[in-house]
Amino acid sequence: MRLSVIKKSVRGARTVHFILMGLAGMLVSGRWDTGGVLIPSILLCTSIAFVWLFTTMVNDAFDMEIDRKAHPERPLVRGEITLEEYRRLYITAGTLSLFFSLFLGFIPLLSIAAFMALAYLYSVPPARVRDRPYATIIIGSASSLSFLAGYSALFWPFSGAFFYIPEFSSEFITLFLIILMALSVSPLINAYHDIEADSEAGVRNLYTITGPKKGKALVTSLIPLLFSLPLILFHSLADLLVCLLSGFVAAFWFFRYGGSRTVFLLYFLVLSYFLLLLFFSS
C-alpha cells in the first residue's frame with residue numbers, strides 16, 4: 001500500500017523538471033571529468049527526486065481541505081493512509097534526500113536542506129506562504145537551489161574535497177537568475193486549475209485577487225516572456241524562433257483551454273533544446 005501511496009504522491013513532470021535543473025547545473029559547471037560524471041549524476045538525481053517527493057507530501061499533508069475540492073483522488077483525501085503514516089513517509093523521503101546529497105559535498109547538502117526548509121515555509125503553519133501572493137517565489141527559489149546543487153556537485157569521497165566551492169561564473173549567475181525569475185512565474189500556470197478551491201480556502205494569489213478572467217489574461221501575457229528568457233544567453237535565429245514560436249503557441253493554448261500540460265510539455269522541449277546546446281558547447 002505504501003508504494004501505491006508514494007506513486008500517487010509523485011508529481012512526475014515536476015520531478016523531471018527539478019532533476020533537469022540539477023543536471024543543467026552540472027552541464028554549466030564544466031566539471032564532467034572530475035571524479036567521473038556517472039556517480040554524482042545518479043546521486044544528484046536521486047537526492048532531488050526524494051526532496052521533491054518530500055515537498056509534495058508535506059504540501060498534501062497540510063492541504064487536505066483544499067484537496068477535498070481540487071484533488072479528491074489523492075491518498076490522504078481518499079483515506080488510503082493515515083496522516084501519521086504519511087508523515088513518516090515524507091520524513092523518510094527527506095532523510096534519504098539529505099543522505100544522498102551528503103556524498104556530493106557541502107554546498108549540495110546545504111542546497112537540499114534549504115529546499116526542504118522552503119517546503120515547510122511554503123506549506124506548514126504558521127508561515128504557510130502558500131496562501132500569499134508572493135508564494136511562487138518559493139518555487140523559483142527551489143528550482144535555483146537544484147541548479148546550484150548540480151553546479152557544485154562533486155563526488156568528494158574520490159577527491160576528499162567535501163567543502164569544495166566552485167568558481168561562480170557569470171554564465172552561472174545569469175542562469176541562476178533566469179531560473180529564479182522563470183520558475184517564480186510558471187506556478188501561476190498550474191494554479192489555474194485550483195481557482196475554486198483556493199477561493200473557498202481564502203488563498204490569496206493572482207487569480208483570487210484579480211479574478212479568474214483577468215488573472216488568466218495576465219498569466220497568458222507572461223508566458224511568451226517566460227519562454228524568451230533563454231535568449232539572454234542564446235542569440236541565433238534558430239534560438240529566437242524556438243523561443244518565440246513555442247512561447248506564443250503555449251500562450252494561445254493556455255488562454256484558449258486553460259490547460260497546463262501542453263504548456264509544460266512545450267517548456268520541457270525548449271529546456272531540452274537549450275540543455276543540448278549547453279552540452280555540445282561545453
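Trainee: In which loop is proline 126 found?
Mentor: This is a predicted model, in which local features need pLDDT of at least 70, side-chain atom pairs count only at pLDDT 80 or more, and totals for chains, interfaces and linings use all residues. Residues are numbered from 1 along each chain as its sequence is written, and side-chain values use heavy atoms, leaving out hydrogens and water. With helices taken as DSSP runs (H or I, at least four residues) numbered from the N terminus, proline 126 is found in the loop between α7 (106-123) and α8 (136-152).

Trainee: What is omega for the peptide bond that joins proline 125 and proline 126?
Mentor: Most peptide bonds are trans. The bond joining proline 125 and proline 126, however, is cis, and its omega is about 10°.

Trainee: How is α3 oriented relative to α7, roughly parallel or roughly antiparallel?
Mentor: Helix α3 (residues 38-61) packs against α7 at an angle of about 15°, with the axes 9 Å apart; axes are lines fitted to C-alpha atoms over the stretch in contact, and angles run from 0 to 180 degrees between N-to-C directions. Angles under 35 degrees count as roughly parallel, over 145 as roughly antiparallel, 65 to 115 as roughly perpendicular and the rest as oblique. The angle of α3 with α7 therefore makes the two helices roughly parallel.

Trainee: How many nonpolar residues does the contact of α3 with α7 have?
Mentor: Contact means heavy atoms within 4.5 Å, and residues including Ile48, Val51, Trp52 and Phe54 of α3 meet residues of α7 that include Phe115, Met116 and Tyr120. Of the contact residues, four are polar, none is charged, and the nonpolar ones (Ala, Val, Leu, Ile, Met, Phe, Trp, Tyr, Cys and Pro, with Asp, Glu, Lys and Arg as charged and the others, Gly among them, as polar) number eleven.

Trainee: Which term describes the orientation of α2 and α8 to each other?
Mentor: The axes of α2 and α8 are 6 Å apart and the helices pack at an angle of about 40°. The two helices are therefore, relative to each other, oblique.

Trainee: Is the crossing of α14 and α15 left-handed or right-handed?
Mentor: The axes of helix α14 (residues 212-228) and helix α15 (residues 237-257) come within 8 Å and cross at roughly 160°, and the two helices are therefore roughly antiparallel. A crossing is left-handed if the near helix is turned anticlockwise from the far one by less than a right angle, and the other hand if clockwise. For α14 and α15 the crossing is right-handed.

Trainee: Which helix gives the most to the lining of the largest cavity?
Mentor: The most, six residues, come from α16.

Trainee: How many nonpolar residues does the lining of the largest cavity have?
Mentor: The lining of the largest cavity has no polar and no charged residues. Its nonpolar residues number 19.
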